Amino acid sequence: MNQARILVVEDEPSIREVVSLYLRRAGYQVTVVADGHAALESLSAQLPDLVVLDLMLPGVDGLEITRWLRERGDTPIIMLTARREEQDRIAGLEMGADDYVVKPFSPQELVSRARAVLRRTQGSAPGSGDRPLVYGDLCIEPQARLVEVAGQEKTLTVKEFDLLWTMARHPRQVFSRDQLLDLVWGLTEYIDPSTVTVHVRRLREKIETDPGNPRYVQTVWGVGYKFEP
């Protein structure tokens with residue numbers, strides 16, 4: 001179950017329909033708009049986890065939307081371009097777009113690229129620009145990899161910290177055990193999914209006042225886990 005939110009900005013109805021269909025089938029929450037003005041209105045209301053963005057749009061073009069997004073943060077962007085738009089594609093990448101797909105393209109390829117971009121941006125390792133997260137009495141300092149609860153430092157293992165960081169960066173997003181294995185352990189070799197259960201239990205013992213009735217790391221029965229701020 002993948003709860004990532006994707007905004008698709010595309011003015012061609014047929015492409016818009018196919019892209020949204022395949023992304024929804026892949027389990028993503030998809031919002032679709034047909035022009036640049038509608039895109040900015042949607043982005044101003046709520047930033048998604050990923051933007052699939054056509055470069056050639058009526059009203060406000062894709063480069064301007066890319067610029068707008070980069071002035072406000074690091075929301076991932078996959079550009080949809082035509083082959084003749086090579087210079088615009090290069091400009092978009094230089095502005096900070098994460099990837100591009102050239103029309104005509106395979107919908108499965110776009111889904112794969114979206115999954116790869118989200119995996120990179122939602123992964124467990126903190127980046128150099130990541131700021132501390134504070135939820136109630138819980139403080140997570142990514143650069144020093146420190147966790148404090150009510151002012152008391154808690155000693156977490158590498159994977160316990162990465163697990164907490166992955167979920168805390170996306171509060172209320174539900175992660176399956178397989179997703180957490182992918183994001184935190186990388187699935188570089190076979191790992192029993194019960195590994196996640198064990199690490200969640202240990203993490204709760206360290207950061208929860210009542211591990212049996214956790215405030216932060218909660219179980220979503222039949223699905224996985226989420227971080228509740």
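A: Aromatic rings

Y216 has a relative accessible area of 2% and is therefore buried, a term for values under 20%, with exposed over 50% and partly exposed in between (1.4 Å probe, protein chains only). This is a predicted model, in which local features need pLDDT of at least 70 and side-chain atom pairs count only at pLDDT 80 or more, while totals for chains, interfaces and linings use all residues. Residues are numbered from 1 along each chain as its sequence is written, and side-chain values use heavy atoms, leaving out hydrogens and water.

There are three aromatic pairs in the structure; rings of Phe, Tyr and Trp (its six-membered ring) pair if their centres lie within 6.5 Å, and planes under 30 degrees apart count as stacked, over 60 as edge-to-face and the rest as tilted. F161 is buried at 2% relative accessibility, and W165 is buried at 1%.

Y216 and F227 are also stacked, because their ring centres lie 5.6 Å apart with the planes at 15°. This pair links distant parts of the chain, 11 residues apart: Y216 is in the loop between α8 (194–207) and β11 (217–220), and F227 is in strand β12 (residues 224–227). F227 is buried, at 0% relative accessibility. Together with Y135, Y216 and F227 form one aromatic cluster.

Methods
Helices (H or I, at least four residues) and strands (E, at least two) are DSSP runs, numbered from the N terminus.
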